[in-house]
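Student: I have the sequence and the structure open. How do I start reading them?

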Amino acid sequence: MKKNLILICTILVLGSGYTAAQPNYAPDEQVNISVYEKISPAIVAIDAQVPDGVSAGTGCIVTSDGLILTGSHVVEKATGIEVTTNNGQTYKAKFVAQMGKNKDLALIKIEPKKPLQVVSFGDSEEVKVGQKVLTIGNPFGFSNTLTQGIISRIDYVKNRFQTDAAINPGCSGGPLLNSTGEVIGISQSIYNPDHNISNIGIGFAIPSNEAIKFIATVDKTKIGQNKK
C-alpha cells in the first residue's frame with residue numbers, strides 16, 4: 001500500500017509542472033550581480049605594445065562609436081594598442097588624447113562593427129567615506145573580474161579616492177562603481193610599502209568628475225549622452 005502511495009505522489013508531482021526553486025540571492029548579492037551584468041559589457045581589456053614589453057590595463061567605453069577612457073600610463077609610448085571587448089572581439093585602437101601623469105587619464109578609439117554599450121557617470125562630489133564600491137578590471141590577465149570594497153578615504157589634496165576594493169596590475173583605467181552601476185572613479189594605482197606589485201588593500205582612483213571634464217574637452221557633443 002505504501003509503495004502505491006509513493007508512486008501516486010511521484011506521478012502527481014511530475015505531472016504538475018514542478019520546477020526546481022530559483023536561486024535566492026541576498027539583497028547585497030543581488031546588487032553586485034545587477035551592477036556586474038549591467039556594466040561589464042561596457043568594459044574592455046587593453047594590451048599596449050610599449051618599448052619594454054606589454055602594458056595591460058582596462059578601459060571604459062564612453063561613446064557607442066568606440067571612444068574608450070583608460071589610464072594614460074597604460075597607453076603612453078605605445079606603438080600599438082589592442083582592445084578586447086566583453087564578447088571577445090579584438091580591435092586595433094588609436095591614441096586620441098591624454099590628460100597627463102598627474103591626472104593619469106587617456107582616450108583611445110576603436111572602430112566597432114555595431115554600436116557599443118557605454119558606461120554612465122555619477123557625480124564624484126557626492127561620494128562619501130564608507131560608501132560601498134565595486135570595480136571591474138583585468139587583474140593579471142583575468143578578464144572581467146569583479147571586486148568590492150568601500151571608499152576608505154578621500155584625499156582632497158591629491159584629488160583621489162582611496163579604496164580597499166582589490167585593484168591589481170591590469171585594472172588601471174577600469175571603473176570604480178557605486179551601487180547603481182555609475183562610474184564614480186577610474187582605477188589608477190595601488191600602494192605597497194614592500195614594492196610588491198600585488199594589492200594589500202590600498203588602492204586609488206581618480207574622481208569621475210575629472211574624467212567627465214577631460215572627455216568633454218575632446219568630445220563635447222557626446223559626453224553629455226552618458227552622464228545621468
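**Reading the features**

Tutor: Start with one residue. Glu 82 has a relative accessible area of 33%, which makes Glu 82 partly exposed. Keep in mind that this is a predicted model.

Student: Why does 33% count as partly exposed?

Tutor: Use the cut-offs. Buried means under 20% and exposed means over 50%, with partly exposed in between. So 33% puts Glu 82 in the partly exposed class.

Student: What is the partner of Glu 82 in a salt bridge?

Tutor: Lys 92 is the partner, and the closest N and O atoms are 3.1 Å apart. The pair ties together parts 10 residues apart in sequence, because Lys 92 lies in strand 5 (residues 90–100) and Glu 82 in strand 4. Lys 92 has a relative accessible area of 63%, so Lys 92 is exposed.

Student: How many salt bridges does the structure hold?

Tutor: Seven. One of them joins Lys 132 and Asp 28, with the closest N and O atoms 2.7 Å apart. That pair links distant parts of the chain: Lys 132 is in strand 7, Asp 28 is in helix 2, and 104 residues separate them.

Student: Is Lys 132 buried or exposed?

Tutor: Buried, with a relative accessible area of 18%. Asp 28 is partly exposed, at 41%.

Student: Which residue forms a salt bridge with Glu 210?

Tutor: Lys 103 does, with the closest N and O atoms 3.6 Å apart. Glu 210 lies in helix 4 (residues 208–218) and Lys 103 in the loop between strand 5 and strand 6 (105–109), so parts 107 residues apart in sequence are tied together. Salt bridges that share partners bring Lys 103, Glu 210 and Lys 213 into one network. Glu 210 is buried, at 11% relative accessible area. Lys 103 is partly exposed, at 28%.

Student: Now helices. How many residues does helix 2 have?

Tutor: Helix 2 (residues 27–39) has 13. From its first C-alpha to its last it reaches 18 Å, close to the 18 Å expected at 1.5 Å a residue.

Student: Which residues of helix 2 are buried?

Tutor: Asn 32, Val 35 and Ile 39. They cover an arc of only 70 degrees around the axis, so they sit on the same side of helix 2. Pro 27 and Glu 37 are exposed, on the face turned away from that buried side.

Student: What covers the buried residues of helix 2?

Tutor: The cover includes strand 1 (43–50), strand 7 (132–137), strand 8 (145–155) and strand 10 (175–177).

Student: What about backbone angles?

Tutor: Most residues other than glycine have a negative phi. Lys 77 is not a glycine, yet has a positive phi of about 65 degrees. Find Lys 77 in the loop between helix 3 (72–75) and strand 4 (80–84). Lys 77 counts as exposed, at 69% relative accessibility. Phe 140 also has a positive phi, of about 55 degrees, and is not a glycine. Phe 140 lies in the loop between strand 7 and strand 8. Its relative accessibility is 47%, so Phe 140 counts as partly exposed.

Student: How many helices and strands are in the chain?

Tutor: Four helices and 12 strands. Of the 228 residues, 45% count as buried. Now look at contacts with a separation of 6 or more: residues 24 or more positions apart account for 61% of them. The chain exposes about 12300 Å², and carbon and sulfur atoms supply 55% of that.

How values were computed
Residues are numbered from 1 along each chain as its sequence is written. This is a predicted model: local features need pLDDT of at least 70, side-chain atom pairs count only at pLDDT 80 or more; totals for chains, interfaces and linings use all residues. Side-chain values use heavy atoms; hydrogens and water are left out. Helices (H or I, at least four residues) and strands (E, at least two) are DSSP runs, numbered from the N terminus. The expected span of a helix is 1.5 Å times one less than its number of residues. Buried means under 20% relative accessible area, exposed over 50%, partly exposed in between (1.4 Å probe, protein chains only). The arc is that of the directions from the helix axis to the C-beta atoms. Contact means heavy atoms within 4.5 Å. Accessible areas come from the Shrake-Rupley method with a 1.4 Å probe; for residues, only the protein chains shown count as cover. A salt bridge is a side-chain nitrogen of Lys or Arg within 4 Å of a carboxyl oxygen of Asp or Glu.
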